[in-house]
Amino acid sequence: MERSGRVTQVEVARRAGVSQAMVSLVLNGSDSVRVTPETRRRVEDALRETGYSVDVLGRRLRGKANRLLGVFTYESVFPSGSADFYVPFLGGIEEEAERAGYDLLLFTSPGRREGRRHVYEAGGNRLGIADGSILLGRHTDRDELARLLHERFPFVFIGRRESPAGEVSWVSADYAAATGDLYELAWSRGHRRIGLVGLAESNEATVDRRAGYKRAARAHRRRAEIIDGEDPAEVWSRIQDLDLTMVLVETVPMAEALTTLVRADGKEVPADLSIGVLGDRDPSQALPSTRVGEELPWTMFHIPRREMGVEAVRLLVDDLESRTAGEGRRQVLLPCELDEGATIRSLRS
């Protein structure tokens, strides 16, 4: 069925060949009027076929909001590596939801296909029983974001997200500014051949880091040297070919792998190669067998994960408690904290 907005009970009733009142009886489980099994089946089939979900906006405007916020993650939350990544976000979400007087509902199943979760299962929006939802995850389904926007379902994504269907409300770390800060720190210590080791995948965070690096290089009239790849040996070879004194890398595991290769060549970090990490440790991205014997005090920036969770709930609650829930979209960038560490050598005498 082609839709121009949230599916209504009238549309469901028309498809099932019953009255709107009958649809309401089935939805509410009322026993005040007997509903035959055949009629109930037709209504339930129509609900599935149209993707109908509870009209949360209408309930709220009638003073019937559930005061329930959904939390949906595209990847699993509980395995150890992912848990370490998600816990700060979830802590911030819980803290602010409690302060605002909302309960939380964590969506974990069954909408999993090809190893990833999905909002829409059997045509319906699984998040519809909540007033609105916080969404997290690297592997976003852009078609689903477009459908949520189309239905005017209130949601906020943790992490910058784009959709051809319109603006998405999100809260993100300011990766571009933080990357520029690390570049400027290296420049102030005398480095003039500074490269970026990027990830092969192209998500918004990676795009933002590259934008910050390119802007900083352009400001100093330097060529942007970007090395894409996940093979540390190939990356190290390219660094030497370009005669770089400093590289900005996206993950701690890649920084560790490069350090191992530098040492295998009889050199050291940062004496022979300075390294800055564009973020902090994320166990869910770890590469196998790349740990350096001792943890180096990386020069990096820290991502404000807990604060992002708090701010996402604030945006969502503000949206829900306005008269135009699901219509206005807002974006917030939060600053990252620079950690000067000890892996950028000063080249100044």
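A: Here is a walk along helix α8, followed by a few spots elsewhere in the chain.

Some ground rules first. This is a predicted model, with residues numbered from 1 along each chain as its sequence is written. Local features need pLDDT of at least 70, side-chain atom pairs count only at pLDDT 80 or more, totals for chains, interfaces and linings use all residues, and side-chain values use heavy atoms, with hydrogens and water left out.

For the setting, the chain has 11 helices and 16 strands; these are DSSP runs numbered from the N terminus, with H or I over at least four residues for helices and E over at least two for strands. Buried residues make up 52% of the 349 residues, where buried means under 20% relative accessible area, exposed over 50% and partly exposed in between, with a 1.4 Å probe and protein chains only. Take contacts between residues at least 6 apart in sequence, and 72% of them join residues at least 24 apart; a contact here means heavy atoms within 4.5 Å.

Now to α8 itself. The helix covers residues 204-219, 16 residues in total, and spans 22 Å from its first C-alpha to its last. That is close to the expected 22 Å at 1.5 Å a residue, the expected span being 1.5 Å times one less than the number of residues. At its start, a side-chain oxygen of Asn-203 comes to within 3.2 Å of the backbone nitrogen of Ala-205. That pair is a polar contact, meaning N or O atoms within 3.5 Å; within protein, one must be able to donate a hydrogen and the other to accept it, and residues adjacent in sequence count only if both atoms are side-chain atoms.

Which residues of α8 are buried? They are Glu-204, Thr-206, Asp-208, Arg-209, Arg-210, Gly-212, Tyr-213, Ala-216 and Ala-217.

The axes of α7 and α8 come within 7 Å and cross at roughly 40°; axes are lines fitted to C-alpha atoms, for helices over the stretch in contact, and angles run from 0 to 180 degrees between N-to-C directions. The two helices are therefore oblique to each other, since angles under 35 degrees count as roughly parallel, over 145 as roughly antiparallel, 65 to 115 as roughly perpendicular and the rest as oblique. The crossing of α7 past α8 is right-handed, so called if the near helix is turned clockwise from the far one by less than a right angle, and left-handed if anticlockwise. On the α7 side, the residues involved include Tyr-175, Gly-180 and Tyr-183, and among their α8 partners are Asp-208, Arg-209, Gly-212 and Tyr-213.

After α8 comes Arg-221, in the loop between α8 and β11. Most residues other than glycine have a negative phi, and most peptide bonds are trans. At 80% relative accessibility, Arg-221 counts as exposed.

Arg-152 also has a positive phi, of about 60°, although it is not a glycine. Arg-152 sits in the loop between α6 and β8 and is partly exposed at 34% relative accessibility.

Glu-144 counts as buried at 4% relative accessibility. A polar atom of the Glu-144 side chain lies 3.1 Å from the backbone nitrogen of Tyr-120. Leaving aside neighbours within four places in sequence, Glu-144 is in contact with Tyr-74, His-118, Val-119 and Tyr-120.

Further along, helix α9 (residues 232-242) and helix α10 (residues 252-264) have axes that come within 9 Å and cross at roughly 65°, and they are therefore roughly perpendicular to each other. The residues making that contact include Val-235, Trp-236 and Ile-239 of α9 and Met-254, Leu-258 and Leu-261 of α10. In the loop between α10 and β13 (274-277) you will find Pro-270, joined to Val-269 by a cis peptide bond with omega about 5°.
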